Amino acid sequence: MFYKSTRNSNLKVDSAQAISQGISEDGGLFVPESIPSLTLDEVKYMSELSYSCRAAYVFKKFLTDFTDAEIQYCTDNAYNTKNFETENIAEIAHLFDGTYMLELWHGPTCAFKDMALQILPYFLTTSAKKLNIDKKIVILVATSGDTGKAALEGFRDVEGTQIMVFYPENGVSSMQKRQMTTQEGENVSVCAIKGNFDDCQSGVKKIFTDDEVKKVLEDNKLMFSSANSINWGRLVPQVVYYISAYASLVSDGQISLGDKLNVVVPTGNFGNILAAYYAKKMGLPLGKLICASNINNVLTDFINTGVYDRNRKFYATSSPSMDILISSNLERLLYMLTGDNDAKIREWFGALASEGRYEVTDDIKAKISEEFYAGFCDDEDTKKTISSIYEKYSYVCDTHTAVAVKVYEDYRKATGDTTRTLIASTASPYKFSSSVLEAICPCFSADDEYALVDKINELSGITIPESLAGLKNKPVRFSGSIDKESMSDYVMEQLDVK
């Protein structure tokens with residue numbers, strides 16, 4: 001299995017190179033040259049396996065240059081009860097008849113990013129050994145809240161690596177900020193950017209492709225890689241949990257082998273829902289892929305019209321991990337839908353960079369409409385949905401998951417589709433305690449974040465994760481903020497190179 005760049009189809013690398021490099025030198029994203037197949041018999045076989053073994057089974061189809069022993073080493077070290085609070089790794093809650101919550105937040109940072117970022121350091125260090133790389137790997141991360149902490153935790157004190165995380169100064173929840181700014185580890189640094197997530201993401205991409213910066217790194221035996229979902233090593237673990245969830249629902253008798261299953265995903269950067277699309281293309285019997293956005297609804301407009309336009313007002317919302325106007329992983333989808341037309345991708349994404357806008361062709365619009373449904377939800381409806389779910393089912397969900405539930409409710413009303421449906425629940429409600437409590441107990445107020453956490457615990461009975469409870473007395477290590485234009489200088493200073 002080789003990987004091509006979305007902006008140069010003639011470039012081919014193996015998975016170890018794609019993972020270690022993170023992004024192609026031409027600015028494109030690595031994609032598999034073909035999608036491996038997954039039969040129903042294989043799904044049935046996987047239904048009897050542990051999560052770690054299911055993951056290894058899927059990875060062997062994509063990471064063909066890894067040995068079985070290398071893959072097993074990675075999965076065994078990532079998916080265990082040392083890192084996750086449940087043996088199942090991802091739990092499935094039954095919300096109402098035929099609707100299931102895939103709880104992806106039982107890892108060390110209480111967000112779905114743990115599902116990929118607990119294994120990425122093992123993928124990356126194994127790849128470096130396979131390629132005989134003798135350079136320190138510098139991980140640059142732009143985060144809208146969850147990726148940053150998950151990456152910091154995953155790469156903390158990993159030999160041969162250094163990690164720097166950039167987050168929007170006023171664009172994350174107080175718990176997300178505290179998670180990052182108190183991070184332990186000798187090889188980590190965290191910096192706030194005076195801007196939004198797109199500024200962080202664009203800044204990181206610019207550093208990656210800066211020829212002068214590349215030369216400085218080369219002269220100092222350093223190399224960049226990424227822990228964002230632009231890195232294939234981040235995306236392929238996300239494919240696993242959709243396959244695993246389907247297998248679990250078969251094993252539990254909730255669905256029969258071969259039944260269609262719709263999937264709803266709250267998403268901003270399009271990686272999480274793209275992973276479901278890959279699983280479907282492998283042969284997993286998924287139905288409609290329902291893309292849920294908050295009021296920063298650039299993806300909703302694109303899926304419904306074929307026009308991608310980031311020239312719009314940016315909103316800071318109660319679901320900050322989706323406060324994104326440039327959805328990087330959309331490039332991978334469009335590359336596949338155009339039949340690997342790298343020229344068309346260069347044209348569209350060149351226009352996005354220069355004009356902030358592009359429009360796809362009618363045939364691509366039709367292909368997107370066939371696979372995806374899109375909707376959005378503002379903060380007021382998010383709050384109402386959290387309250388409604390709590391009142392009806394005594395189930396407490398976070399703001400991002402509530403966006404997905406509301407968009408799914410709208411989808412059912414609009415289409416009458418009652419196919420069994422899996423909703424990706426992407427974060428613990430404790431990470432957004434202020435917004436959650438405002439919805440389920442509006443009369444309660446407190447200045448102390450941990451008083452809010454305790455109140456949610458009282459109302460929900462959900463165990464407070466130790467990783468969050470333990471933050472209360474941790475000292476803040478990182479308090480700086482910089483302009484987006486200073487990101488490259490900050491990286492050079494942290495690396496102590498010129």
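The sulfur of Cys 443 lies 3.9 Å from the closest cysteine sulfur, that of Cys 441, which is too far for a bond, a disulfide being a pair of cysteine sulfur atoms within 2.5 Å. The model is predicted, so that local features need pLDDT of at least 70 and side-chain atom pairs count only at pLDDT 80 or more, while totals for chains, interfaces and linings use all residues. Residues are numbered from 1 along each chain as its sequence is written, and side-chain values use heavy atoms, with hydrogens and water left out.

**Cysteines**

- Under the disulfide rule, the count comes to zero.
- Cys 443 is exposed, with a relative accessible area of 69% (exposed means over 50% relative accessible area, buried under 20%, and partly exposed in between, with a 1.4 Å probe and protein chains only).
- Cys 291, by contrast, counts as buried at 0% relative accessibility, and its sulfur is 13 Å from the closest cysteine sulfur, in Cys 377, too far for a bond.

**Largest pocket**

- The largest pocket has a volume of about 640 Å³, a volume being the space filled by probe spheres set on grid points joined across faces, edges and corners.
- Among the 23 residues that line this pocket, the closest to its centre are Pro 121, Tyr 122, Gly 154, Arg 156 and Val 158; on a 1 Å grid over the protein atoms alone, a pocket is an open set of points where a 1.4 Å probe fits, with protein on both sides within 12 Å along at least five of seven lines, and lining residues have an atom within 4 Å of a point.
- Helices H4 (68–78), H6 (120–130) and H7 (146–155) each supply at least two lining residues, and H6 gives the most, with six; helices are DSSP runs of H or I with at least four residues, numbered from the N terminus.
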